[in-house]
Amino acid sequence: MVSDERRANNCTNPAVCSPVWLPCCRWGLSLATAAYAAVLVFTTHYPTPEQLIGRPLPPDKLMHFVAYGVFGLLATTTLRAADRWHPRAIMLLLIALVLAAAGDEVTQPLFSRHADILDWIYDCIGIAIGMLPVILYKNATLRQPSR
């Protein structure tokens, strides 16, 4: 049986259409992404890395790459769940995340932290790599022939 949403979109292939569970997870993903963004801002402004995770510290650039990679993955999954999947929305999300990372770096000196353009570059690389699995998965499911 085809759901009303899929029927309205003239979509009968579950592999291509939005999975039934995604709308249910929309709010949860949105809240998780917002909470992660808040934690990310807090951890990059208030405490020092030593206060957060102790010593020995992982390499600084690795921490930036991983933290923003997770952010990119969460934000892109949230976009996917919201059924806002089109190239312009993906590009706007990428731009918004890159600008957020820049704002994060630029405001760190206000909290006695060090701003570094290389940190921002690693943030951007992490964002792009984090977004990639969701984009590749979605594009792969769009190319599957309907049965």
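Buried means under 20% relative accessible area, exposed means over 50%, and partly exposed lies in between, with a 1.4 Å probe and protein chains only. By that rule, 32% of the 147 residues of the protein chain are buried. This is a predicted model, in which local features need pLDDT of at least 70, side-chain atom pairs count only at pLDDT 80 or more, and totals for chains, interfaces and linings use all residues. Residues are numbered from 1 along each chain as its sequence is written, and side-chain values use heavy atoms, leaving out hydrogens and water.

**Overall layout**

- The protein chain has six helices and zero strands. Helices (H or I, at least four residues) and strands (E, at least two) are DSSP runs, numbered from the N terminus.
- The pattern along the sequence reads α-α-α-α-α-α.
- Contact means heavy atoms within 4.5 Å. Among contacts between residues at least 6 apart in sequence, 74% join residues at least 24 apart.
- The accessible surface of the protein chain is about 9,300 Å², and 70% of this belongs to carbon and sulfur atoms. Accessible areas come from the Shrake-Rupley method with a 1.4 Å probe; for residues, only the protein chains shown count as cover.

**Nonpolar core**

- A nonpolar core is a set of buried Ala, Val, Leu, Ile, Met, Phe, Trp, Tyr and Cys residues joined through side-chain atoms within 4.5 Å.
- The largest such core holds 18 residues, and Tyr68, Leu97, Ile127 and Met131 touch the most other members. Two or more residues come from each of α4 (60-81), α5 (87-107) and α6 (117-142). The most come from α5, which gives six.
- Methionine 131 contacts Gly72, Leu73, Thr76, Ile90, Leu93, Leu94 and Leu97, leaving aside neighbours within four places in sequence.
- In soluble globular proteins, nonpolar side chains tend to be buried together.

**Helix α4 and its end**

- The expected span of a helix is 1.5 Å times one less than its number of residues. For the 22 residues of α4 that gives 32 Å, and the end C-alpha atoms are 32 Å apart, which agrees.
- Aspartate 83 follows α4 and has a positive phi, near 55 degrees.
- Most residues other than glycine have a negative phi.

**Salt bridges**

- A salt bridge is a side-chain nitrogen of Lys or Arg within 4 Å of a carboxyl oxygen of Asp or Glu. The count is three.
- Asp60, Lys61, Asp116 and Asp119 are linked in a network of salt bridges.
- Aspartate 60 pairs with lysine 61 at 3.3 Å, N to O. Aspartate 60 is partly exposed at 33% relative accessibility. Lysine 61 is also partly exposed, at 21%.
- Aspartate 116 pairs with lysine 61, with the closest N and O atoms 2.9 Å apart. This pair links distant parts of the chain: aspartate 116 sits in the loop between α5 and α6, lysine 61 in helix α4, 55 residues apart.
- Aspartate 119 pairs with lysine 61, with the closest N and O atoms 2.6 Å apart. Aspartate 119 is in helix α6 and lysine 61 in helix α4, so this bridge ties together parts 58 residues apart in sequence. Aspartate 119 is buried, with a relative accessible area of 4%.

**Loop between α5 and α6**

- Glutamine 108 lies in this loop. Glutamine 108 is buried, at 3% relative accessible area.
- Glutamine 108 touches Thr44, His45, Arg113, His114 and Ala115, not counting residues up to four places away in sequence.
- Serine 112 is found in the loop between α5 and α6 too. Serine 112 is exposed, at 72% relative accessible area. Its phi is positive, about 60 degrees, although serine 112 is not a glycine.

**Nonpolar surface patch**

- Patches are made of residues with over 30% relative accessible area and no salt bridge; like charges are joined within 9 Å, nonpolar side chains (Val, Leu, Ile, Met, Phe, Trp, Tyr) within 5 Å.
- Ile117, Leu118, Ile121, Tyr122, Ile125, Ile129, Leu132 and Leu136 form a nonpolar patch on the surface, with about 700 Å² of accessible area together.
- Tyrosine 122, one of these, is in helix α6. Tyrosine 122 is partly exposed, with a relative accessible area of 33%.
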